[in-house]
Amino acid sequence: MTIVRPYGDTTGDGMVQVSFTLPLVHDKRAEGAAVQLANKMGLDPAMLVHAKPMGEGFTFFVVYGRVNHLVDTEKVQVVERDFPLLSAKEINAVIKRRLRRRLSVVGACIGTDAHTVGIDAILNVKGIAGEKGLEYYRELSVTNMGAQVSVPDLVETARAQKADAVLVSQVVTQRDAHLHNTRAMSAAFREAMPAGKRPLLIVGGPRFDELMAAELGVDRIFGRGTTPREVASYLVHALIGAPK
Amino acid sequence: MQKLGLDPTVVRRARELAARAGQPVVDLARSHTTVSVERAVLRLAGVRGADSDGIPWVNRLVDAVVADVGLSHGVAVPVFDALRREGLDDVTVLAQKAAAGAVRFGVPEKKGELTAARRAAGRAATAGLKVVDRRRVERERLIKRYGDAPRRPWIYLIVATGDIFEDIPQAQAAARAGADVIAVIRSTGQSLLDYVPEGATREGFAGTYATQENFRLMRAALDETSRELGRYVRLTNYASGLCMPEMAVLAGLERLDMMLNDSMYGILFRDINPIRTFVDQRFSRQVHARAGIIINTGEDNYLTTADAVEAAHTVTVSQLLNEFFAHEAGLADWQLGLGHAFEINPELPESFRLELAHALLARELFPDAPLKWMPPTKHMTGDVFRGNLLDGFFNLVGALTGQGILLVGMMTEAVVTPWLSDRDIALQNVRYVLNGAGNLHEDFVPAPGGFIQSRAHEVLGEAVELLERIVDDTLLEAIADGTFGIMKRPADRGKGLDGVAKHAEDYFNPVTEVLA
């Protein structure tokens, strides 16, 4: 069966529960407005089970109702990540067992870009969105070079730290600075190190097109909303392979 | 209300060890200065504003002095000597001239000139401290006039829109809904800025920049709301990161009431140089002590990285160290919002009893401190229904163990920044627990020798063992070795080290002269 409906307590009953706030003082009209919204969301009949004034001029509603939409599971489209998302524990375990040394990561903001927000969110233990940064991973050895790092310094540090991966963050996009800087960086690594000895090159920033990796000469691009765990999972996937 | 039957000799031993571990760090802090300490001095001495690029004049002035004579003498004497030589009476004007390269700085060799510069610096700094003193008196007067929070724990709510003019109505709404304390979260990355942004700000990343003007605007708005509600609503921000001392000064000048200020957070979680942090921290705590500000320490953070059961004793150790550093800097017990958190995996058998044991241990070790009780974050999964239940149990532990400051947990933690309805549901949760069980601590006595007592004794024992190791190893070495959390932070690494200098023989700081 590919057509399904939500399930309350009977197959096919289509029952759902939603809650929301309207910027209205709580009265009969506000309750009517809530039911109207629920109807437009496809709930029919909609049962308003709870309404509570909140603050000045707001009302919170809980609505139960039968939704008239059908879902066809055949038509569901998902973009699959091409690597598995691992937990911190799994990541550490894979590195320890398969690499048998700590995986070395060097990170920096290059060029004149002074916005370390991105690289710090990924690298600092503090992390982002409740996820700890790469420094938190026991089996990752992280060197965060900070902002305004020159490409030659980055290459030198990557060599000194025997970097398995280099992470570069670019926030400023004035006159396509992020693209120029990235190309300069990947060219410098190609020049300085033979293929196979080169670290994995990764760039990240809110304005990159994730499909441009090949064009920019890097192995991977991460866009807005990337979390440290995704980066760490990718590192393991690209450098070591699937956990066994 | 001794409920755990802690052995007073073990408690005494723990405090002695914390003092022994902390003393070398205090000595280090007393013999070094930083660019941010010096900028804080200049802010108290009256330097205001920023250049057209937004770089504060205090930064320009300190940079100019450092370029000519270095940091080790302190900037007060070179600055006030130059002020006299230039025939100026406004230090901000001097900063502007210095930034244009029109002023040379030096330490006067003539004794008379040196004394004159010290005296002038002393007068200017004292004038700044007098403003801080007036703010403190003002706070006391307003609390008397409007009334204080109606109960303990104080209910602590966060706003963080990035835009101060959005924050204000949100903070006022939160206060009307029952918050006793409003915290304005800072923009991501502000802790790593080596300057304090200027003026009212309308864009931040996941938080609002801490600036003197933003402090002033929010305090004025909450004063208005305090009057309306008939209770004084407290305001909180962050004295942390590279500008910790300046934040403390700005908080004192603008009558903020509490500041987050941890002894090791910046080192461990932001990779700020350990010496920079300890020097900045001592100065900021001296200013907080003077301003009557309550500090909130950040032990909850350890539990977000380490396991909350295995690492429970590291929280106790950090609380003891924070207490020692705070007392040494002049803070009284009522100003110590020592942190801890409800972060044990709820799937673990007896997790609630363990939480209760840990929270009670903190309460009994620090009976006169208004402990800061932090809600679950690590095990909030996006299942908001379960999250609301966890928050209820968190609130119950808070009520049972007499916590002083309760940061209200949101069921949408890790999902969205709190919606209006999330905050309302969270406050409803707090009110239900405090109304229904707020006095349950009167009846709650853990069984002698039972699970809760034993667990508390075990954690205290582990804390003493760890402190012994730290004393043997020295605190800086322990931090370098990754004893706290898992971060290795050597004393010669980390951000902000280039802004640290050892005092020269003639180092002079007109603020610490008064506060010491």
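Domain bounds here come from an automatic or database domain assignment. This is a predicted model, in which local features need pLDDT of at least 70 and side-chain atom pairs count only at pLDDT 80 or more, while totals for chains, interfaces and linings use all residues. Residues are numbered from 1 along each chain as its sequence is written, and chains are lettered from A and ligands numbered from 1 in the order in which they are written.

**Stop 1: the domains of chain B**

Select residues 33-125 of chain B for domain 1, then 153-452 for domain 2. The centres of these two domains of chain B, taken over C-alpha atoms, are separated by 36 Å.

Next, go to where they touch. On the domain 1 side of chain B, 14 residues are in contact with 15 residues of domain 2 of chain B; contact requires that the C-beta atoms of two residues, placed from the backbone, lie within 7 Å. Colour strand E1 (32-34) and helix H2 (35-44) of chain B, the elements that give two or more residues to this side of domain 1. Helices (H or I, at least four residues) and strands (E, at least two) are DSSP runs, numbered from the N terminus. H2(B) supplies the largest share of that side, 6 residues.

What is the make-up of the side of domain 1 of chain B that touches domain 2 of chain B, in nonpolar, polar and charged residues? It has 6 nonpolar, 6 polar and 2 charged residues. Ala, Val, Leu, Ile, Met, Phe, Trp, Tyr, Cys and Pro count as nonpolar, Asp, Glu, Lys and Arg as charged, and the others, Gly among them, as polar.

**Stop 2: the sheet of chain B**

Show the strands of chain B: 9 of them form an open sheet with parallel pairing, in the order E7-E6-E5-E4-E3-E2-E10-E9-E8. Two strands pair if DSSP finds at least two bridges between them. At the edges are E7 (336-337) and E8 (339-341) of chain B, each pairing on one side only.

Zoom in on E4 (residues 234-238) and E5 (residues 258-260) of chain B, a parallel pair with 3 bridges.

**Stop 3**

Move to chain A, where 3 strands make an open antiparallel sheet ordered E2-E4-E3. Its edge strands are E2 (15-22) and E3 (43-54) of chain A. E2(A) is joined to E4 (residues 58-67) of chain A by 8 bridges, running antiparallel. Pick Ser19(A) and find Val62(A) in E4(A) opposite.
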